[in-house]
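Colleague: I have a few quick questions about this one before we go on. Could you take me through it piece by piece?

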Amino acid sequence: MKKLFLLSLFFISMAWSRESVTLQLSWLNQFQFAGYYVAKEKGYYADSGLDVTILDAQNRQDPFDAVMKGKAQYGVGRSSLIVDYINGAPLVLMAAIFQSSPMMLLTRQDSNISKAQDLKNKRVMLTGDTVEGAEMQAMLRSVGLRTSDLFVQKHSYDPMSLARHETDAMVAYLSNEPYILQKAGIETHAIHPKDYGFDFYSDILFTTQKETLEHPQRAEAFYDASIRGWLWAFDHIEETAELIYHNYNPQHKSLDALIYEGRVLKELAFRSNTAFGSIEPIRLEMIAQGYRLMGVVQSIPSFDPLIYKHSTLNLTEKEKAWLKGHPVVRVGIDQNWPPIESVDEKGRHTGISASYLNLLEKRLGIHFEVDYSRRVWSDSLHAVQNKELDMLSCAAITDKRQENLVFSRSYLKQSIVIVADSGVGYVNDLSDLNGKKVAVVRSYETEEILREHYPKIIPVMADTALEALQSVASGEAYACVEGLGTVSYLIEHYNLKRLKVVGETPYRYELAFAFRNDWGMLATISDKVLASISHSEYQEIHGSWLVMDKNEPINYSLVWGIVGFVAVLFILIAYKNRRLDVLVRQRTDELETFNQRLQEEIEKAVEKNRKQEKLLMQQAKMAEIGSMLESIAHQWRQPLNILGLSMTRLNLSCAISGGGEASKVIEIAEAQIEYMSQTIDDFRNFFKHDRDQISVNINTLINDVEALLGPLLIRKKITIERDIDPDTEVLVYPNELKQVLINLINNAREAIEQHRGDKRVIYIGCQNDEKYCTISVEDTGGGIPSKIIDKIFDPYFTTKFESQGTGIGLYMAKTIIEKHFLGKLSVYNTSRGACFEIRLNRSLKEGSSTL
């Protein structure tokens, strides 16, 4: 009894010893605030000595007012906190949970409102004032609109208002309303300020300067536990959604809706090469410039006092004791994976992971003993799984590995790409490599991906990434699948100039520390170290290893995207420095002028790109004109002769009999003229631009194509045989599909002519299932040589003399089918010749593009 009393007294004293703090949220409980619920329910706050009360918006209390008046110690707010700080509020911003705001304007897909400028004179439901909705206001002004140009409505907070046509657009969260409307059968379109250059932080955890000065340990403990909660929530979205569904669900959201919300928000929370929750002074300054140009603030002070500086790890007593009991940690590494990690010429562990390991060593006061005896990565992996080593300095997080390893949070993400010989064309998808040999490193995540998802690909095992690339260079493998940063580094440093990135995959490495499964404590401690890394430390680690040679142009879309962003960033900064004083006096007029000029430049650039695309398309169509004119000339020759003879006969008849046979002759002449007129219409329709997708009978469309090319084929003694269900219909842009078919049939004709075989037939077939309509065009031309079959869809590749071919016909055919029709165009050899297959979706998706 006495022991029970003492135990109860212990727990009561523990509860009393915790500090009580309150967190005020900006909206009702939902996945938007998941990290705080996890920190509370998983005991992260309690372990840090905190008793946290979480208040949602049901109390109708504004987070800024609650924190400023002392009703809450911490709050969650928007980027408008920057304005409050400039106006004198003693704020401290601790973490920006979402690096990009989920707030946007939502429209119906069928409303034809797809751009901000389309909102003029439309009904729009807005929330808050100019400050709260600054990114919306800035986006509208960037296209020359003000709220006075809209029919502004009071927000109903009911997404079905859009479904019922009660409004044309409404402010919404990317993670909420689109899902609700999609479930109701309403397809939507998002107009996002980020696409117009206004990329604001959102859901910023903040407090007061007084809190950080008078209660530094409490502030650090709250920050640390909250970040841990968020990282766990995003690593376990389904489990977190279950927690919210049962305990934090005043809106009665479905479990699926909460999971959807978590997945969307995760994409907004993490940004490549940026620490989770990071707040960068330069981005704060750019956001503040937007407020200044709108006239909300007059000046921009230093943001250094505004950003929270966390320096302590706030380790628990249990964690400190664990570190004391494990002063040395044995580490396995990958000795051949630069720039992530490798062994240099002096035999030392080097690379990004080594830099992180050094940081952990300094922060934790323990020693990491690197094991160099295992030369191959797979040996190090197995050693940790068997507890012969304690951890791996860098490993990709996979479901299979999580069965017997414990991971820290990810500290590096790397896109996985496809590398092949420079002569190989673009690879759309890994499935395009079916039947081909593809090099991967043994025991890497890429091996798991191929074996699990692409069993038709033939894997070629390598011990290192360099060995995998060299097998492609030597021809032993057709392609290699590996991380972008690694292949870029190796191609440059080992002069593998014949290799290039030919495609992207939907996969990426999520790299982290990996520990033996009974060392979860060190994983938790490592998370605290990674969360404490400052932006400058992060840039120092990654920047020193991921810098590329500026004199060597890298043809990767990711790199160009980064270059473009940096260029725009420097232009904006330079513009700000030159025009700062002028903008203070004339901010409104200058904003309109600047935005108008920017819009004109954008429109010029877009128009230029559009013209280039149209030019390519026109060139592709012009490539068919020669054969079509020849066909038309053949079609017209006989009718013109008949018409000429008929007119002669009419003249003679009129002269002899006074017009007795005139009507009969005129009838013949009119029939021939009608025939010629129809031919002209067919020819003109081929070059007429399709505005809308329509349901087309495939057999009828083939009839139209054969009407244009038939006489030429007959003259060449080539016949067409069909195997097409006469009732088959599909939703397409008919003239573009005709262009593709004409190109394929003309290529088949030329192949048959060059082959000079006895059988001169083009087989056109059509097969259907519930999802696809597949049209095939097969010739008897002997097939395409294996050495060029992978290149025939490349732009400007041709086997004809320059005067006979442009080399863009098949390229544009593939572009039309795969870009405009969201289908697939492929080719393979048969026993008779080459067979081109057009796979079309049974119903072309709305919004698919056309030139």
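Colleague: How many residues does helix H12 have, and how far does H12 reach from its first C-alpha to its last?

Modeller: This is a predicted model, and in it helix H12 covers residues 255-269, which is 15 residues. H12 reaches 21 Å from the first C-alpha to the last, close to the 21 Å expected at 1.5 Å a residue.

Colleague: Which residues of H12 are buried?

Modeller: The buried residues of H12 are Ala257, Leu258, Ile259, Glu261, Gly262, Val264, Leu265, Leu268 and Ala269.

Colleague: Which loop holds lysine 387, and what is the phi of lysine 387?

Modeller: Lysine 387 is in the loop between helix H16 (377-385) and strand E16 (391-396). Lysine 387 has a positive phi of about 65° although it is not a glycine, and with a relative accessible area of 33% lysine 387 is partly exposed.

Colleague: Switching to peptide bonds, what joins proline 338 and proline 339?

Modeller: Proline 338 and proline 339 are joined by a cis peptide bond, with omega at about 0°. Proline 339 belongs to the loop between strand E12 (336-337) and strand E13 (341-343).

Colleague: Now the sheet with E24 in it: what is the strand order?

Modeller: That sheet is open and has 5 strands in the order E24-E26-E27-E29-E28, with mixed pairing. Strands E24 (719-723) and E28 (824-829) stand at the edges with a single partner strand each, so one side of each is left without a neighbour in the sheet. From one strand to the next, the twist averages 15°.

Colleague: How many bridges join E24 to E26, and which residue in E26 is the bridge partner of isoleucine 720?

Modeller: E24 and strand E26 (residues 761-768) run parallel and are joined by 5 bridges, and the partner of isoleucine 720 in E26 is isoleucine 762.

Colleague: Which helix lies across E28 and E29?

Modeller: That is helix H26 (residues 809-820), which lies across E28 and strand E29 (834-841) and runs at about 130° to E28.

Colleague: How many disulfides are there?

Modeller: The count comes to 0 disulfides. As for individual cysteines, cysteine 394 counts as buried at 2% relative accessibility, and cysteine 835 counts as buried at 3%.

Colleague: One more residue: what does threonine 208 touch?

Modeller: Leaving out residues up to four places away in sequence, threonine 208 touches Val67, Met68, Pro90 and Val92. Threonine 208 is in strand E10 (residues 202-208) and is buried, with a relative accessible area of 14%.

Colleague: And for the whole protein, what share of the residues is buried, and how many helices and strands are there?

Modeller: Buried residues make up 50% of the 851 residues, and the secondary structure comes to 26 helices and 29 strands.

Key:
Residues numbered from 1 in each chain as written. Predicted model: local features only at pLDDT ≥ 70, side-chain atom pairs only at ≥ 80, totals over all residues. Heavy atoms only, no water. Helix = DSSP H or I, 4+ residues; strand = E, 2+ residues; numbered from the N terminus. Buried < 20%, exposed > 50% of the residue type's maximum accessible area, 1.4 Å probe, protein only. Pairing = 2+ DSSP bridges. Axes fitted to C-alpha atoms, helices over the stretch in contact; angles between N-to-C directions. Contact = heavy atoms within 4.5 Å. Expected span 1.5 Å × (residues − 1). Disulfide = S-S within 2.5 Å.
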